[in-house]
Amino acid sequence: MLITENQIYLEQTFKDRDEVLAFIAEQAINQDVINNKTLLFDDFIAREDEYSTAVQEGIAIPHAKSAAVKQAKLYFVSLEEPISWASPDQYQVKVIFAILVPKQESGTKHIAILSALASRLMDDDFQESIFEIDQASQVLNLLKEMEEV
Amino acid sequence: MKFVGITSCIAGLAHTPMAAKALEKAGVKLGHEVKIEQQGAMGIVNQLKASEISEADAVIIAADQSIEGEDRFKGKPIIRVKLGQVVSNGEIVLSKIAKAIADKKKMH
């Protein structure tokens, strides 16, 4: 499973991007999804530095294809209050889809689902449905939909 | 107008499909035919046909690494754009490109 209830965190409070990424790295190591917290965090930041993953108002998709990752996982975090994501467009972020993929993985079903998710995030209707999420089951249903595509 | 293009990012996970979607979506809105080939972690998705390339007015390349098969576009106007720009502002990027190509055609 790419995501289970354990990877969904609703109505959280963080002050900035790095705090969110550190939180995800912390959860991921506790859940045995990664084997190196610092490396994952650094890989996240390296990606953000290349270009921000806050790609639309309200949504960020930090992602790392990292040697630290043991199995592909998706983390979903929604925030009580929007935060800055240090993006050139000054987007404020309220919903975060964090994508963790092992460095060597490519062309698998997981990647297909994550790519489908990324491209669906460009749909206005889909974005709206994401901002309305207030239950973990909604996130799980969304992903189930994605797997059927 | 007709456009073909390539998107490709280093991880190939998110920006590749998002940029492709952004350009195709902008095409629908602005009334241009846009087909984008994705070169990402899924390999090549939505591969361009030779006929599509030959009919295209221009080629849009949004990549932060070298792409596969650039020789297919020999003789075509190629416009290189930043991936991040395309994802965030697909419509603005596409309308600028369309205008540049239209201006160039008028000159000839």
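**Close-up 1. Five-stranded open sheet of chain B in the predicted model.** The strand order is S3-S2-S1-S4-S5 (chain B), with mixed pairing. At the edges lie strand S3 (43-45) and strand S5 (78-81) of chain B, each pairing on one side only. Direction ignored, neighbouring strands of this sheet are turned by 20° against each other on average.

**Close-up 2. Pairing of S1(B) with S2(B).** Strand S1 (residues 2-8) and strand S2 (residues 33-40) of chain B run parallel and are joined by six bridges. Within this pair, Phe3(B) stands opposite Val34(B) in S2(B). H1(B) packs on the sheet, where it touches S1, S2 and strand S4 (58-63) of chain B. The direction of H1(B) makes about 180° with that of S2(B).

**Close-up 3. Contact between chain B and chain A.** On the chain B side, 16 residues are in contact with 21 residues of chain A. Helix H1 (15-30) and helix H3 (83-107) of chain B are the elements that give two or more residues to this side. H1(B) provides the largest share, five residues. By residue type, the chain B side divides into ten nonpolar, four polar and two charged residues.

Close-up 4. Apart from neighbours within four places in sequence, Ile29(A) is in contact with Ile34(A) and Lys37(A). Lys144(A) is 115 residues from Ile29(A) along the chain, and their C-alpha atoms are separated by 25 Å.

Terms used: Residues numbered from 1 in each chain as written. Chains lettered and ligands numbered in written order. Predicted model: local features only at pLDDT ≥ 70, side-chain atom pairs only at ≥ 80, totals over all residues. Contact = placed C-beta atoms within 7 Å. Helix = DSSP H or I, 4+ residues; strand = E, 2+ residues; numbered from the N terminus. Nonpolar A, V, L, I, M, F, W, Y, C, P; charged D, E, K, R; others polar. Pairing = 2+ DSSP bridges. Axes fitted to C-alpha atoms, helices over the stretch in contact; angles between N-to-C directions.
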